[in-house]
Amino acid sequence: MITTVVAGYDGSPASETAVWWAAEEADRRSARLRLTYAQPLPFFSSPLGIPSVPLPTDMLRVTAEHLLAEAAQEIRETFPRLLVDAVVTFGGAAPALLQEAMNAGLVVVGSRGLGEFRDLAMGSVSAHVATHASCPVVVVPPRWESGQAGGIVVGVDGSKCSLQAIEFAFEQAESRQTTLTAVMAWHDPISTGPNDPLPVVYDLDTLEEESAALLAESMAGHRDKYLDVPVDELLVHGTAHDALLSAGRSAELLVVGSRGRGAFRGLLLGSTSRALVHHPPCPVAVVR
């Protein structure tokens, strides 16, 4: 059960959208909303090589608290039943959100915030939080409007993380009273490393049948648990990234596991989930 939804906020358009998405989610689940503002520490540096020293933070804290208070007030006016609190921290946004995630059921961030370079491929706050958070993370694209699309999409590949993603997706579909589409991609065998030789002979029809069976098996127990959720199973020949990107363009939420069966050992965020976090077609939930 999600009791607290944490939303990262820095005044940017992306974080503004994320905060409102988080508010709707918290209100629907009767959870508490916690706005988190991470203020980078200001430093004074000397061109003469004198070590940098931190500047006073009192004024910065007052400004940040005022910004959060305004945002919280607007949210309370829209969602009168919602409990909203806010916290200002100094330092990096990712460490602050990861700390808050330890006591949260869900963290929501914008796909791009202040200070992040356009189309940054590595190291963004959203990717860092999605990689290391102890709870599911939702990354919301800028200017996203709730209600502009419908249905939940979940990526399936038979991995442990995929099963967790399926459960989360069913919960979302049930709470939103909408449909769920389970997408599984299959393709010709590919090598995932130097010790993973390709089969000399393989049958495409057999690969497709095995993938269809794995998809049905992954969904079976969840279907029995969530009888009121309409479910569609979609088997796609191609890459997982392309299949999910296409399905996500008409979804209200795309749910993926943090890493799949093909992820390298020790990799915390798989290539598919990482790509979708950086360029989300809709709000993307990463579940581990």
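In this report, buried means a relative accessible area under 20%, exposed means over 50%, and partly exposed lies in between (1.4 Å probe, protein chains only). Helices (H or I, at least four residues) and strands (E, at least two) are DSSP runs, numbered from the N terminus. The model is predicted: local features need pLDDT of at least 70, side-chain atom pairs count only at pLDDT 80 or more, and totals for chains, interfaces and linings use all residues. Residues are numbered from 1 along each chain as its sequence is written, and side-chain values use heavy atoms, with hydrogens and water left out.

Let us begin with the sheet. Strands of a sheet pair through backbone hydrogen bonds, either parallel or antiparallel. Here two strands pair if DSSP finds at least two bridges between them. The open sheet is formed by 10 strands with mixed pairing, in the order 5-2-1-6-7-12-11-8-9-10. Its edge strands, strand 5 (84–90) and strand 10, each pair on one side only. From one strand to the next, the twist averages 20 degrees; axes are lines fitted to C-alpha atoms, for helices over the stretch in contact, and angles run from 0 to 180 degrees between N-to-C directions.

Strand 6 (residues 106–110) runs parallel to strand 7 and is joined to it by 4 bridges, and V107 has V137 as its bridge partner. Strand 12 (residues 284–287) pairs with strand 7 in the antiparallel sense over 3 bridges, where V137 stands opposite V286.

Now for the helices. Helix 2 (residues 58–78) lies across strand 2 and strand 5, at about 160 degrees to strand 5. Helix 6 lies across strand 9 and strand 10, at about 155 degrees to strand 10. The buried residues of helix 6 are S211, L214, L215, S218, M219 and H222. They pack against helix 5 (160–176), strand 9 (180–186) and strand 10 (231–237), where contact means heavy atoms within 4.5 Å.

How far apart are the end C-alpha atoms of helix 6? They are 33 Å apart, which agrees with the 32 Å that its 22 residues should span at 1.5 Å a residue; the expected span is 1.5 Å times one less than the number of residues. Helix 6 also has a kink of about 35 degrees centred on M219, the bend being the angle between axes fitted to the seven residues ending there and the seven starting there.

In helix 5 you will find Q172. Leaving aside residues up to four places away in sequence, Q172 touches E25, R28, R29, I152 and L253.

Most residues other than glycine have a negative phi. S30, with a positive phi near 55 degrees, sits in the loop between helix 1 (13–28) and strand 2 (32–39). R143, with a positive phi of about 65 degrees, lies in the loop between strand 7 (137–140) and strand 8 (152–155).

The table gathers the accessibility of several residues.

| Residue | Relative accessible area | State |
|---|---|---|
| S30 | 66% | exposed |
| R143 | 66% | exposed |
| C135 | 5% | buried |
| C161 | 15% | buried |
| Q172 | 0% | buried |

Finally, the structure holds 0 disulfides, a disulfide being a pair of cysteine sulfur atoms within 2.5 Å.
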